[in-house]
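The sequence and structure are shown first.

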Amino acid sequence: MFDRRVLLKQASLFAPFWLAGRSAFAAPDPKTGLIVHTLVPHNAEPPLGSLVQSWITPNELFYVRSHAPVPKVDADTFRLSVEGIVERPFEISLAQLQSDFKRQAVVATMTCAGNRRSEHSLVKEVSGVPWGAGAIGNAEWAGVRLSDLLKRAGIKEGAKHVWFDGVDEVEHKGGMIPFGASIPLDKAMSDTESMPGALVCYEMNGQPLSPDHGFPIRTVVPGYIGARSVKWLGKIIVSDRPSTNHYVAGAYKLVTEGTEDELASSPPLDNFVINSVTCVPAAGSKVVTGKLEVSGYALATGLQGETIAKVELSTDGGKSWTKARFTSQAKPYCWRLWKADLEVHARTSEIIARAVDSTGGVQPETVVWNLKGYMFNAWHKTSVRVSP
Ligand SMILES: Nc1nc2c(c(=O)[nH]1)N[C@H]1C(S)=C(S)[C@@H](COP(=O)(O)O)O[C@H]1N2
Ligand SMILES: [Mo]
């Protein structure tokens, strides 16, 4: 176990070079089926081929991104605290959350801001877990509307942001801090009948949350990067400003130098970026000339009401494009799966995918490099080796 961990750690140092765009070549763990980047904390993603087998991602195939070991939480003694600029702060157990509040289910895609980071490193190297394109999944989450909890606490005048603190302990600058996030109060309260602005979630695809995914409760913020969906949630704090937690104030920002000034003046990332990825065939696959079926996923920006309208593929470097057909519905905050039939020639070396959203927003050909390799959404390129 120990040796393996050291090996994996060492391997991940080189990962930007050998993994880039080729995660299919990294062997999945035989027990979990996931490609493991680090075991403790657990960071793993599914191979792309298995990821797009279903619109709902099975729990076992859902990527795991943790900054620290899974905290041990006793579900019986556990209490969530709701505090800050509120009339009536309170603490609540898991059982009370489940019995006192209406259960709300929503299907939403979660994706890490670092998804596709290994491709970002091809532009110029970036630090962080060298994710392929599998740090994404679509699940049915169920729990309590965050707005229902905030209404019970009574939001006071001056409140503008809602902070989430986990109970995990992450090493930071020689000390220990919880992983934290915050979202604007407007987002927290932006409920529609079927879609809450945010959820305090205790179930994933009909199962209690697993330890890796945040047992007993986590937030789920539809349309926002995964880092705002805080696992092992311990505290909700209503405030007049964004959280001062490192993961809001000092990370998850698009910066190029990372100086204190630059970080202070850059806004925290919130919504997704438009994206599409070819998942089958895997990068580096051998294919034969003639007809080839390809499939993948696409994701809109996560702004309210936006969905994916079109996915196109090119086998000639972007000169001509073939439209994909959708194999799932256009649903806000959810990815859309697609398939296309392409004609492969002897000279085909690469399949390019790009998406267009319902407002005409287009997935860009290239991205501006940033220090941590967040939000990579350039045209997705899958190399193939053609035999006659
Ligand atoms: N407490 C806590 N919450 C967390 C994290 C963490 O390390 N600690 N990681 C965040 C990040 S960066 C992502 S992308 C998602 C991943 O959720 P998952 O592991 O359930 O896929 O959880 C978020 N919530
Ligand atoms: Mo993330």
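## Contact between the domains

In this predicted model, 0 salt bridges are counted between domain 1 and domain 2, a salt bridge being a side-chain nitrogen of Lys or Arg within 4 Å of a carboxyl oxygen of Asp or Glu. The count of residue pairs in polar contact between the two domains is 4, with both residues at pLDDT 80 or more. A polar contact is a pair of N or O atoms within 3.5 Å; within protein, one must be able to donate a hydrogen and the other to accept it, and residues adjacent in sequence count only if both atoms are side-chain atoms.

On the side of domain 1 that touches domain 2, strand S6 (104–111) and strand S7 (136–145) are the elements that give two or more residues. S6 contributes the most, with 3 residues. Strands are DSSP runs (E, at least two residues), numbered from the N terminus.

## Strand pairing

Strands S17 (residues 285–288) and S24 (residues 380–387) pair in the parallel sense over 4 bridges; pairing requires that DSSP find at least two bridges between the strands. Val 287 stands opposite Val 386 in S24.

Strand S23 (residues 350–357) pairs with S24 in the antiparallel sense, over 4 bridges. The bridge partner of Glu 350 in S24 is Ser 383.

## Basis of the values

Residues are numbered from 1 along each chain as its sequence is written, and chains are lettered from A and ligands numbered from 1 in the order in which they are written. Local features need pLDDT of at least 70, side-chain atom pairs count only at pLDDT 80 or more, and totals for chains, interfaces and linings use all residues, while side-chain values use heavy atoms, with hydrogens and water left out.
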